[in-house]
Amino acid sequence: MDYKTLIVEENIDYILLKINRPDKLNAINLEVVREFRDFISTTEKKENIRAIILTGSGEKAFVAGADIKEMANFNVLEAIEFAKSGINILKMMESSSKVFIAAVNGYAFGGGFEMALACDIIIASKNAKFGFPEVSLGIIPGFGGTQNLPRVVGQYIAKELILSGKPIEADRALQLGIVSKVVEKDKLLDEALAMVKNITKNGPLSVAAAKDSIVNGLNMSKSEGFNYESLAFSRLFSTNDQKEGMKAFLEKRKANFTAK
């Protein structure tokens, strides 16, 4: 499928994906949601792709929220359909076997912040800013922000950021544990690619299982999470990758994983 709002640069084992509406600061509209959903569905079937680096086109923004011009005239039914569509694609990201790395290269506001939070790892450039300005528009975050942010920073910081609507700089996002690294803008994609290389050298099945255990464990009690992890751990002992990984370690050589 040819996309109008996405740029897809496919490499051997990862994809660089850019939200491509730079004249609108990459704001999310219905077309972005439709195309992003198709991209995730299509990419999930590609066994060679292990990771997706997600970023924004242009110099100013990762994704500066939803397209207010389009959203302003929504009625209640249109609003709930838009919110559900957005949440569904973010849930697809979380449940995907691929690792999503957000390379935040500017404004990550509203839906853009929510899209970053749905990724597995967030790396930010020094000029990045994060925020939920929705309350200043008479609405609230609609793509999972009120649920995902408290799970990252706790309810009190989440309330501060969401209820005030004020953005934060990349350095504070790092202090709060929202991002894992802050780098110079011209080093952002290099840092994201280095992260991809560190991940893709590991076993595909074990990486996917570890991601799944973390994501699902957050929605369980600690006891349930322990059980879930134990099952995921033990199932990997039925795979060729586990045998190859441990054999390679004992033989002091690089493992040749086959995702089997």
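Buried means under 20% relative accessible area, exposed means over 50%, and partly exposed is in between, with a 1.4 Å probe and protein chains only. Keep that in mind, starting with Lys252. Lys252 is exposed, because its relative accessible area is 79%. Lys252 is found in the segment after helix H11 (240–250). Helices here are DSSP runs of H or I with at least four residues, strands are E runs of at least two, and numbering goes from the N terminus.

A word on the model. It is predicted, so local features need pLDDT of at least 70 and side-chain atom pairs count only at pLDDT 80 or more, while totals for chains, interfaces and linings use all residues. Residues are numbered from 1 along each chain as its sequence is written, and side-chain values use heavy atoms, with hydrogens and water left out.

Back to Lys252, for its backbone. Most residues other than glycine have a negative phi. Lys252 has a positive phi, near 55°. Asn26 has a positive phi too, of about 60°, and is not a glycine. Is Asn26 buried or exposed? Asn26 is buried, because its relative accessible area is 0%. Look for Asn26 in the loop between strand E2 (14–19) and H1.

Ser57 sits in the loop between strand E3 (51–56) and strand E4 (61–63). Contact means heavy atoms within 4.5 Å. Not counting residues up to four places away in sequence, Ser57 touches Ile7, Lys18, Ile19, Asn20, Pro22 and Asn26. Ser57 counts as buried, because its relative accessibility is 8%. For a sense of distance, take Leu205. Ser57 and Leu205 are 148 residues apart in sequence, and their C-alpha atoms are 32 Å apart in space.

Now helix H1, residues 30–44. Phe39 is in this helix. At 3% relative accessibility, Phe39 is counted as buried. What does Phe39 contact, leaving aside its neighbours within four places in sequence? The partners are Tyr3, Leu6, Val8, Ile15, Leu17 and Ile52. Leu176 is another matter. Phe39 and Leu176 are 137 residues apart in sequence and 31 Å apart in space, C-alpha to C-alpha.

On to helix pairs. Two packed helices are described by the angle between their axes and the distance between the axes. Axes are lines fitted to C-alpha atoms, for helices over the stretch in contact, and angles run from 0 to 180 degrees between N-to-C directions.

First pair: H1 and helix H3 (residues 76–95). Their axes come within 10 Å and cross at roughly 25°. H1 and H3 are therefore roughly parallel to each other. Angles under 35 degrees count as roughly parallel, over 145 as roughly antiparallel, 65 to 115 as roughly perpendicular and the rest as oblique. H1 passes H3 in a left-handed crossing. A crossing is left-handed if the near helix is turned anticlockwise from the far one by less than a right angle, and right-handed if clockwise. From H1, Leu30, Val33, Phe36, Arg37, Ile40 and Ser41 meet Phe82, Ser85, Gly86, Ile89, Met92 and Met93 of H3. By class, that contact has eight nonpolar, three polar and one charged residues. Nonpolar covers Ala, Val, Leu, Ile, Met, Phe, Trp, Tyr, Cys and Pro; charged covers Asp, Glu, Lys and Arg; the others, Gly among them, are polar.

The crossing is right-handed. Gly145, Thr146, Leu149, Pro150 and Val153 in H5 meet Gln155, Ile157, Ala158, Leu161 and Ile162 in H6. The class count is seven nonpolar, three polar and no charged residues.

Last, the cores. A nonpolar core is a set of buried Ala, Val, Leu, Ile, Met, Phe, Trp, Tyr and Cys residues joined through side-chain atoms within 4.5 Å. How many residues does the largest nonpolar core have? There are 49, and those with the most contacts inside it are Phe36, Leu54, Met93, Val104, Phe130, Leu149 and Ile178. H1 gives the most to this core, with five residues. Met93 touches Phe36, Ile40, Leu54, Phe100, Met115, Ala118, Cys119 and Lys211, not counting residues up to four places away in sequence. A second, separate core has 16 residues, including Ala51, Val99, Ala103 and Ile123.
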